[in-house]
Amino acid sequence: MIVHGQVFRPEQLNGFITEDWSGVITYIIQNDSCEIISLNSLKENRGIGTALIHKVANEARKQNCRRLFLVTTNDNLHALGFYQRRGFELTAIRHGAVDEARKIKTGIPLIGMNGIPLRDEIELEILHP
Ligand SMILES: CC(C)(COP(=O)(O)OP(=O)(O)OC[C@H]1O[C@@H](n2cnc3c(N)ncnc32)[C@H](O)[C@@H]1OP(=O)(O)O)[C@@H](O)C(=O)NCCC(=O)NCCS
């Protein structure tokens, strides 16, 4: 994954996985910030995504993080709603960041979810998680 210009390999990151492997979340903690790098639920609308966010938020609290944040993309309307309903606030739009990432990872499609051109990164955060 390429996020804010950095390359991440989720399989090398810390994370949590459900017992049946239907949900997985990965994160990194640096200084006083915790960043969710990936979140995937294969069995949606059963509380898995929410539970995994809570696991990472607990970990962030334990490690005295001031901030829990993540980056999603402009086409992911579902994720934008999902995170905001869970207390995340929009903090930045990086216009064209996905276009930049596509120069390195050429497989990133031009059209993303919901038929929306996939172009920008949107950052969301919770302070004092
Ligand atoms: C975004 C994503 C992680 C959400 O995962 P999920 O497991 O569906 O999340 P939850 O089940 O906790 O919540 C989803 C909805 O189901 C509802 N729900 C939870 N448990 C439920 C239950 N037992 N019965 C009915 N609905 C339920 C929640 O209220 C929530 O709705 P809301 O957002 O309107 O409040 C998932 O859709 C996904 O993997 N998407 C593709 C990858 C992606 O976009 N990842 C994020 C990119 S940064």
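Strands here are DSSP runs of type E with at least two residues, numbered from the N terminus. Strand S8 is one of these, and Leu 124 has its place there. Welcome to this predicted model.

**Around the ligand**

- The shell around the ligand holds 17 residues, and those that come nearest are Ser 41, Glu 44, Gly 47, Gly 49 and Thr 50.
- Four elements each supply at least two residues of this shell: strand S5 (33-41), helix H1 (48-62), strand S6 (67-73) and helix H2 (77-85).
- Helix H2 gives the most, with 4 residues.
- By type, the shell residues divide into 9 polar, 5 nonpolar and 3 charged.

**How the strands pair**

- Strand S4 (residues 23-30) runs antiparallel to S5, and 8 bridges join the two.
- Within this pair, Ile 29 stands opposite Cys 34 of S5.
- S4 and S5 form a hairpin with 2 residues between them, and Asn 31 in the turn has a positive phi of about 50°.
- S5 also pairs with S6, this time in the parallel sense, over 4 bridges.
- One of the links to S6 can be picked out by name: Ser 33 has Arg 67 as its bridge partner there.
- Together, S5, H1 and S6 make a β-α-β unit that is right-handed.

**Helix H3 and its covered face**

- Helix H3 spans residues 97-104, and its buried residues are Ala 97, Val 98 and Ala 101.
- These buried residues line one face of the helix, because they fall within an arc of 90° when seen down the axis of H3.
- As a general point, an α-helix has 3.6 residues a turn, so residues three or four places apart point the same way.
- The cover over the buried residues of H3 includes strand S1 (2-3), S6, strand S7 (89-94) and strand S8 (121-127).

**A closer look at Leu 124**

- Leu 124 counts as buried because it has 21 C-beta neighbours inside 10 Å, and the cut-off for a buried residue is 20 or more.
- Leaving aside neighbours within four places in sequence, Leu 124 is in contact with Phe 69, Leu 70, Thr 72, Tyr 83, Phe 88, Glu 89, Leu 90 and Thr 91.
- Thr 72, one of these contacts, lies 52 residues away from Leu 124 along the chain, and the C-alpha atoms of the two are separated by 8.0 Å.

Notes:
Residues numbered from 1 in each chain as written. Predicted model: local features only at pLDDT ≥ 70, side-chain atom pairs only at ≥ 80, totals over all residues. Near = placed C-beta within 6 Å. Nonpolar A, V, L, I, M, F, W, Y, C, P; charged D, E, K, R; others polar. Buried ≥ 20, exposed ≤ 12 C-beta atoms within 10 Å, placed from the backbone. Arc of directions from axis to C-beta. Contact = placed C-beta atoms within 7 Å. Pairing = 2+ DSSP bridges. Right-handed = clockwise from strand over helix to strand, strands pointing away.
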